[in-house]
Amino acid sequence: MATLTIAGTQQEAKFGFAFKNLADKNYNQTDESGNEVGGFNGIYTGLLQFDLDALKAFWDCGLAHLKTRPSIADIEAALEDRINEYGDTDQLFKEAFQEINTSGFFKKSVKTFWKNLELFKTMGKSDEEKAENEKGIQMLMDAKAELLGETTESTD
C-alpha cells in the first residue's frame, strides 16, 4: 500500500477519476509528433525512469480524492522525510509503481502501455534505429522488474 505521512496524517493514494482527471490536467505531455500522451502515461513512464517529478505527480494525483488536498510543498516535504528516513528513494518508487501497476482502475491502461511498447520494437527506418528502440525498451523492462521486485538474469 502506498502511503505518505503529510503534516502528521497518513494518506493513502487512490486511483480513480480524480487521479486521472488531475493527471490529464496538470501532467499531460506531448510526444515528438505533437500528440498528447495523457497524464497517466507521463507519470507511469516517469516512475519507470525514477524521476522525482513523476513521484511528486503520483502523490499529487493519488491524493486528488481528498476534500482538502495537500499542497505540492507539503507533498515534497513528506517525500523528503521518507527519503531521509530510508536513505534513498527506492522504497518510494517501488510503492508508487506497484500500486499504480496493480490498480484495477488503470489495469487496461497499464496493459496497453506495455503492448504499445512491444510494437515500438519494430518501428524505425534503419536497423540502427530499431536496435536503439530495443535498447530503450529493455531499459524500461529492467526498471519494471526492479520496481516489482522481480529478478532478471544478467546478460553481461
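This note describes the aromatic pairs and the nonpolar core of a predicted model.

1. Basis. Local features require pLDDT of at least 70 and side-chain atom pairs pLDDT 80 or more, while totals for chains, interfaces and linings use all residues. Residues are numbered from 1 along each chain as its sequence is written, and side-chain values use heavy atoms, without hydrogens and water.

2. Aromatic pairs. The structure holds 15 aromatic pairs (ring centres of Phe, Tyr or the six-membered ring of Trp within 6.5 Å; planes under 30 degrees apart are stacked, over 60 edge-to-face, the rest tilted). Phe-15 and Phe-19 form a tilted pair, with 5.4 Å centre to centre and 50 degrees between the planes.

3. A pair between distant parts of the chain. Phe-19 also pairs edge-to-face with Phe-106, at 5.2 Å centre to centre and 65 degrees between the planes. Phe-19 lies in helix H1 (residues 17-26) and Phe-106 in the loop between helix H5 (90-102) and helix H6 (107-120), 87 residues apart (helices are DSSP runs of H or I, at least four residues, numbered from the N terminus). Both residues are buried (under 20% relative accessible area, 1.4 Å probe, protein chains only).

4. Nonpolar core. The largest nonpolar core has 38 residues (buried Ala, Val, Leu, Ile, Met, Phe, Trp, Tyr and Cys joined through side-chain atoms within 4.5 Å). Among those with the most contacts inside this core are Tyr-44 and Phe-58. Helix H3 gives the largest share, six residues.

5. Phe-58. Leaving aside neighbours within four places in sequence, Phe-58 is in contact (heavy atoms within 4.5 Å) with residues including Phe-15, Phe-19 and Leu-47.

Conventions. Helix = DSSP H or I, 4+ residues; strand = E, 2+ residues; numbered from the N terminus. Buried < 20%, exposed > 50% of the residue type's maximum accessible area, 1.4 Å probe, protein only.
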